[in-house]
Amino acid sequence: MKKAIPFFLACATFVSLAFVKPSVENNKQIHVVIDAGHGGSDFGARSITSSEKQIVEQVTQKIKFLNKNENVIIHFTRNDDQFVSLSNRADFINQIKPNLVISLHVNQSRNESKSGMEFYVANESLVNDESIEIANKLRTKFLQNDAVAPSEIKKAPFFILKKSVAPAVLIELGYLSNSSNRAYLTDDKQQDQIATTILSFVADLK
Ligand SMILES: [Zn+2]
């Protein structure tokens, strides 16, 4: 019975805290790391007028400014045009231990007709099942909202995906080498749509 009293008190405290607003909100909070690929001296994919590092940074900034949901806390591995090593990105992610990591990239191919979005999860990760589930849901969300056809989920040993302790998905948003994908990726309104789709997906997770 002696043990039952503190337990009862704990329950009573919990019930009373349930009516305190900030505590309830904290329970609902979801932490997401948005990892904008490349940056600084690392341009990633390039076309004459644009680059991968620039496009993913633009989308990342939009995610930052369009997020009005106070329960969605977003962390960024880079905030401007700076070089951040892959191991520093992984360390940052694993310090935060977010609910989800979304790494943003843009593709390139010698075959200019190659187009579409691609979703990747690590083929060796402790949180592989969760990552696959998230990638599938994210793909479905993009299927409903976007112009660029999303592919099936692919597996690859990308460093960030492999090292992340949290479920992680890498999105190749489209092919910079394909003219219609390039028009899509560099369009301000389409970038807004990509950011909104990601934000709406994240908000639905909890
Ligand atoms: Zn890339």
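A few ground rules: residues count from 1 along each chain as its sequence is written, and side-chain values use heavy atoms, with hydrogens and water left out. Because the model is predicted, local features need pLDDT of at least 70 and side-chain atom pairs count only at pLDDT 80 or more, while totals for chains, interfaces and linings use all residues.

Let's start with β3, residues 100-107. Strands here are DSSP runs of E with at least two residues, helices are runs of H or I with at least four, and both are numbered from the N terminus. Of the 8 residues in β3, 8 are buried (under 20% relative accessible area with a 1.4 Å probe, protein chains only). In a regular strand, side chains alternate between the two faces of the sheet. In β3, L100, I102, L104 and V106 are buried on one side, and V101, S103, H105 and N107 are buried on the other.

β3 has parallel partners in β1 and β6; strands pair if DSSP finds at least two bridges between them.

| Partner of β3 | Bridges | A facing pair |
|---|---|---|
| β1 (residues 30-36) | 5 bridges | A36 and L104 |
| β6 (residues 168-175) | 6 bridges | Y175 and N107 |

Now the metal. The zinc ion's protein donors (N, O and S atoms within 2.8 Å, or 3.2 Å for Na, K and Ca; water is not among the atoms, so sites may look incomplete) are H38 (NE2), E52 (OE) and H105 (ND1), at 2.0 to 2.1 Å. Their sequence spacing reads H-x13-E-x52-H. H38 sits in the loop between β1 and α3 (52-66) and E52 in helix α3, so this pair ties together parts 14 residues apart in sequence. H38 and E52 are both buried.

Definitions and conventions: Buried means under 20% relative accessible area, exposed over 50%, partly exposed in between (1.4 Å probe, protein chains only).
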